[in-house]
Amino acid sequence: MFSINALELGLIFSIMTMGVFVSLRILNIPDLSVDGSIVLGLAVSSYFTIHGMPILGIFLSFFAGTLAGAVTGLLITKMKIQPILAGILTMTALYTVNFRIMGRPNLDLPVETKRLGNDYYTIFTPFEELLGKDWHVVIVVSLIVLIIAVLLYLFMKTQIGISLRATGDNEHMVRATSINADGMKVLGLALANGLVSLSGGIWAHQQQTADISNGLGMLVASLAAIIIGEVIFKKTNVISGILAAISGIIIYRYIYSIALTFGLRGEDLKLITAVIVVGIIGIKMIRFKDIFAKLGSGNGGGKNA
Amino acid sequence: MLEIKDFSITFNKGTVDERKGLENFSLSLDDGDFVTVIGSNGAGKSTLLNTICGSYKVDSGKIVLDGMDITNQKEHRRARFIGRLFQDPLRGTAPHMTIEENLALAYGRGSRPGLAFGVKKSDEKIFKEKLAELDLGLEDRLKTPVGLLSGGQRQALTLLIATIVTPKLLLLDEHTAALDPKTADKVMELTDKIIKKHSITTLMITHNIRNALDYGNKTILLSQGRLVLVLEGEERKSMTVENLMKLYSTTAADSFSDKMIL
Ligand SMILES: Nc1ncnc2c1ncn2[C@@H]1O[C@H](COP(=O)(O)OP(=O)(O)OP(=O)(O)O)[C@@H](O)[C@H]1O
Ligand SMILES: [Mg+2]
């Protein structure tokens with residue numbers, strides 16, 4: 001039942017899930033623009049790869065994502081639009097942007113991308129000979145994920161990182177300590193969507209194509225992954241959150257690939273994923289109700305993270 | 001030090017819920033003044049503090065702090081030199097972050113956060129010293145998430161957060177009201193100690209008339225968004241709780257009957 005492809009995708013999407021972790025768990029803002037941001041990464045990355053600049057494309061996919069996230073952040077903070085609606089607006093706008101970048105609904109990276117020495121090559125091709133055809137993608141992506149996870153962890157310990165976390169934890173307190181909470185929200189959403197888009201950028205190289213519909217269900221998959229991961233890593237600190245995001249999406253992709261081998265189709269899994277998310281949230285809610293009933297009024301915060 | 005001129009604020013203007021928060025409110029404080037603020041429910045005490053720190057925007061009026069006109073300054077800007085505590089102990093701290101992270105956040109007050117580590121080794125010593133002053137044993141629990149502390153411990157910690165970088169002005173809104181009597185006394189004494197040590201100019205709202213007279217050097221009474229009494233000097237020293245209660249209840253009765261008429 002082992003599938004390298006599932007592992008590859010799990011690892012690539014773990015960058016996206018870390019981004020969703022930043023918006024949902026650190027900032028406490030449900031950002032629905034994920035489905036658009038990941039396609040933005042795919043579009044930017046494939047566009048630049050086709051024009052012979054694959055590495056630049058990867059970096060730019062990150063920056064394009066930060067811009068999209070900043071837009072959502074500004075809609076929320078400056079225009080006082082509800083986060084959910086702001087995310088939907090950005091996602092809708094991104095559909096057009098993505099389409100314009102790609103020029104059509106589906107953009108294949110040319111076959112020559114596989115050959116080293118050609119102008120067209122993915123970030124994986126240089127490693128194919130060195131690391132072997134089967135495993136080179138897994139190894140390269142693992143390294144990237146490791147670096148991002150460590151950087152994200154360290155960032156959350158910096159002054160800005162602490163301010164960011166406090167903004168999601170208690171906005172009142174943050175304002176009272178002279179930190180610009182609105183600025184922190186914009187910054188956090190930029191970072192979150194940057195990661196989501198970067199994930200898409202790398203994904204384009206892995207599947208050697210980009211499709212306008214690739215983003216469908218990605219937000220819900222990330223939510224499912226975070227919820228699954230939190231069953232394993234229960235603590236609410238940053239390390240546990242990052243590890244939950246990574247392990248959750250890898251487990252999710254495995255379940256996904258197993259389901260596919262049983263004859264279910266990709267289309268069926270969207271419904272199943274949604275049901276799983278609702279189910280787990282339902283179980284959690286019942287548990288939290290019990291806990292609160294026992295404690296009378298809890299002395300912790302109101303967040304059931 | 002603090003100069004408030006003709007503050008007026010009306011809530012829900014032009015609706016049936018229209019309500020005057022403050023009306024031509026003026027107040028002037030000297031450096032190091034510790035003013036206790038009393039008044040019945042709905043008198044406008046919290047509104048006063050909220051307008052001073054910039055949570056509410058006034059309709060008209062002017063505020064000058066330490067020679068600087070801050071009338072149009074944003075809330076988080078003012079927070080650089082205004083510390084505050086609320087009645088709710090949950091409001092002043094971030095529950096899912098550790099004690100040291102909460103303190104680190106406050107310790108950076110006034111400077112823009114950067115990419116340096118939030119909690120530095122050198123800060124830990126200072127945090128421990130400051131926490132030891134609270135005498136609650138928190139100095140050994142730097143890595144504990146704040147959400148695990150009791151309400152009293154959290155409020156004491158919030159006091160430290162508000163004063164770890166000495167503010168020019170400290171605003172306390174019934175900050176001991178949600179605590180049990182013993183803890184309330186303890187937090188009140190801590191507050192007094194810290195205010196005296198750094199001679200911080202302070203406004204403290206309280207419904208405890210005893211505290212209003214025992215602490216600080218001035219007492220003001222609010223009613224319906226107006227300043228109706230300023231007690232200081234000899235007059236304040238000779239004021240008894242009973243007499244102040246009487247004054248208090250006359251104004252409270254006024255506002256009550258006014259509301260009935262309305
Ligand atoms: N954000 C707001 N929106 C609408 N009305 C408000 C708002 N804040 C305060 N008010 C109204 O302004 C008046 C003064 O309220 P405020 O909270 O300042 O009273 P207070 O003196 O602090 O009373 P308490 O002792 O009960 O805390 C009240 O009538 C209140 O309903
Ligand atoms: Mg009040």
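Predicted model: local features only at pLDDT ≥ 70, side-chain atom pairs only at ≥ 80, totals over all residues.
## The build of chain A

Let's begin with the overall layout. Chain A has twelve helices and two strands. Read from the N terminus, these elements follow the order α-α-α-α-β-α-α-α-α-α-β-α-α-α. Chain A holds 305 residues, and 52% of them count as buried.

## Around ligand 1

Now turn to ligand 1, which is surrounded by 14 residues. The closest are Arg19(B), Asn41(B), Lys45(B), Ser46(B) and Thr47(B).

Which atoms does the ligand meet? An oxygen atom of ligand 1 lies 2.5 Å from an N or O atom in the side chain of Thr47(B), and an oxygen atom of ligand 1 is 2.8 Å from an N or O atom in the side chain of Asn41(B). The backbone takes part too: a polar backbone atom of Ala43(B) is 3.2 Å from an oxygen atom of the ligand. On its own, ligand 1 has 640 Å² of accessible area, and the protein covers 71% of that.

## A nonpolar patch on the surface

Some nonpolar residues form a patch on the surface, among them Phe2(A), Trp135(A), Leu143(A) and Phe117(B). Together the members of the patch have about 1000 Å² of accessible area.

Which helix gives the most to the patch? That is H6(A), with five residues; Leu143(A) sits in this helix. Helix H5 (125-131) and helix H6 (136-155) of chain A each supply at least two residues of the patch.

## Salt bridges

Side chains of opposite charge can pair when their charged atoms come close. Over all chains, the count comes to 23 salt bridges. In one of them, Glu171(A) and Lys185(A) meet at 3.1 Å, N to O. This pair links helix H8 to helix H9 of chain A, with the two residues 14 apart. Glu171(A) is partly exposed at 26% relative accessibility, while Lys185(A) is buried at 14%.

In chain B, Lys218(B) and Asp30(B) form a salt bridge at 3.9 Å. Lys218(B) belongs to strand E9 and Asp30(B) to the loop between strands E2 and E3, 188 residues apart. Another pair, Lys121(B) and Glu124(B), meets at 3.4 Å. These two are separated by about one helical turn because they are three residues apart in helix H4 of chain B. Lys121(B) is exposed at 67%, whereas Glu124(B) is buried at 17%.

Methods: Residues numbered from 1 in each chain as written. Chains lettered and ligands numbered in written order. Heavy atoms only, no water. Near = heavy atom within 4 Å. Polar contact = N/O pair within 3.5 Å; in protein donor to acceptor, adjacent residues only side chain to side chain. Areas by Shrake-Rupley, 256 points an atom, 1.4 Å probe, with all protein chains shown as cover. Patch = residues over 30% accessible without salt bridge, like charges linked within 9 Å, V, L, I, M, F, W, Y side chains within 5 Å. Salt bridge = Lys/Arg side-chain N within 4 Å of Asp/Glu carboxyl O. Helix = DSSP H or I, 4+ residues; strand = E, 2+ residues; numbered from the N terminus. Buried < 20%, exposed > 50% of the residue type's maximum accessible area, 1.4 Å probe, protein only.
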